[in-house]
Amino acid sequence: MLEKGKRYLKKLKILRSLKARLFLIILLAGIVPCVIMRMAILQNYEDRAVNVRIADVQNQFKILANHLITYGYLHDTSSEVVNTELEQLSNVYDGRVLIIDQNFKVIKDTYGISEGKTVISEEVIRCFQGSSTTNYDSGNGYIEITTPIAGSSAEKESGVLEDGTEKLAEGVLLTSVSTDSITMTLELLDRRALIVELIVLAFIVALAFVMANLVTAPFERITQAINDVKEGFNDEQISVNDYVETEHIVDAFNQLLGRMKALDDSRQEFVSNVSHELKTPLTSMKVLADSLMMQEEAPIELYQEFMTDIANEIERENKIINDLLSLVKMDKKAADMNIVQIDINELLELILKRLRPIARKQNIEVIYESMRPVTAEVDEVKLTLALSNLVENAIKYNKPKGWVKVFLDADHQFFTVEVSDSGIGIPEDAMEHIYERFYRVDKSHSREIGGTGLGLAITRNAVLMHRGSIRAESKEGEGTTFTVKIPLIHPVG
Ligand code: ADP
């Protein structure tokens, strides 16, 4: 049972191959008409040959029927002339002739077997009614023909048949002629046609094989090209332009390749950035520790100062690692979202409550304005992180005595949070890079105020995971506004 199933699957797999299907289609398209044509021609020949034979025999026997009347053969079968004629005809047509009189009695049989017997058959009765009948038996190889023996109407001896119809003939000539010669010619023709057919078959098989290979070759070239790329990961674009279809496949593949390359590049860049960022605090710590060790009997104050610096570097390292972990969490799939219905006003007030002390330290005023109560389906942790980053940045990159304004509004589909500040602003050429990981407009300034360059990347990812959008507007020296727009109901799927 299992074996059978396996074999069936194997068979199916062959049929699923485009090459095999093309081969079969071409083969069938070539062979079927060939076979039909052979059969039609042979059938046609057979029909024609039988018809010609029937017409020929009927003619001859009509003449014979006339002679039979003339010589009164139905009453006296001793006529030498007629007997010779009968003999000749049965020889020529390789057949048997029976002459049946009005009483359905056989008065003459060229085979001499049935004389005196009675023959009542449908054909004979129909013939007595005046119509000659023919019956071709291809299986046994003979044609049976009946010919009415009827003189002029004056001489006719009328009679009545069993079914009441009038007998129009005085007798019936029942002839069987052999069709052996026709069968022999047919066989000969068939054999020749078969040979021709076999030659054509061989030709078509070869043609189908070549065509199937030619037609499917571009697809194999695509597979080969993709394999080459896969193995070597060479970044060359592949090109197989034989068909529009292959062009489409190759285009799609090249686009995929482009994306993979971009991803690979960004991954490499990310790894090198991460290593660099993590190495910087370590290098500082090593320098600090080395210089302490090199000094013999260094004063305790120096130790304290250097140790504070080392602790700061450790804190920075910690912050980078924490940010990286948040980013990795954001990179996960939407399935990891913990969506709940949340009061956004409350959420924002909580964030601001946490950040106000930092702002106060720098003499920055934080203003919150809400147009309406808003509740939405969000992931509380992720959204808090996203919005905190924006407000934190607005405070960090502000001017002394500046302000930060958080504004909340909603329509029937989305809620919008606007975080604007009176800060240093972002130069225009930096705008397109601010969401990149580790990007900082002013590296040293950002480092000073404890930036890692990951905050906006985290924010953007969190917003996108909520199927929302983020937009930034900024004027250098005047301030920046970030606008986040998020659906009130989290779209499923
Ligand atoms: P960082 O940890 O350095 O703040 P972010 O990803 O949060 O990293 O921000 C990237 C860069 O964008 C910052 O280094 C800063 O130069 C700039 N930036 C972000 N927000 C503001 C803002 N509100 N005002 C001015 N510059 C900003």
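This is a predicted model: local features need pLDDT of at least 70, side-chain atom pairs count only at pLDDT 80 or more; totals for chains, interfaces and linings use all residues.
Residues are numbered from 1 along each chain as its sequence is written, and side-chain values use heavy atoms, with hydrogens and water left out.

**View 1. The shell around the ligand.** Among the 20 residues around the ligand, N393, Y397, S446, T452 and L456 come nearest. α9 (380–396), α11 (455–465) and β14 (479–487) each supply at least two residues of this shell, and α9 gives the most, with three residues; helices (H or I, at least four residues) and strands (E, at least two) are DSSP runs, numbered from the N terminus.

View 2. A polar contact is here a pair of N or O atoms within 3.5 Å. Oxygen atoms of the ligand lie 2.8 Å from a polar side-chain atom of N393, 3.2 Å from a polar backbone atom of V441 and 2.9 Å from a polar backbone atom of G453. The protein covers 97% of the 530 Å² of accessible area that the ligand has on its own (Shrake-Rupley method, 1.4 Å probe).

**View 3. The largest pocket.** A pocket is an open set of points, on a 1 Å grid over the protein atoms alone, where a 1.4 Å probe fits, with protein on both sides within 12 Å along at least five of seven lines, and its lining residues have an atom within 4 Å of a point. The ligand sits in the largest pocket, meaning that more than half of its atoms lie within 2 Å of the grid points. The largest share of the lining, nine residues, comes from α9.

Key:
A residue is near a molecule or strand if one of its heavy atoms lies within 4 Å of it. A polar contact is a pair of N or O atoms within 3.5 Å; within protein, one must be able to donate a hydrogen and the other to accept it, and residues adjacent in sequence count only if both atoms are side-chain atoms.
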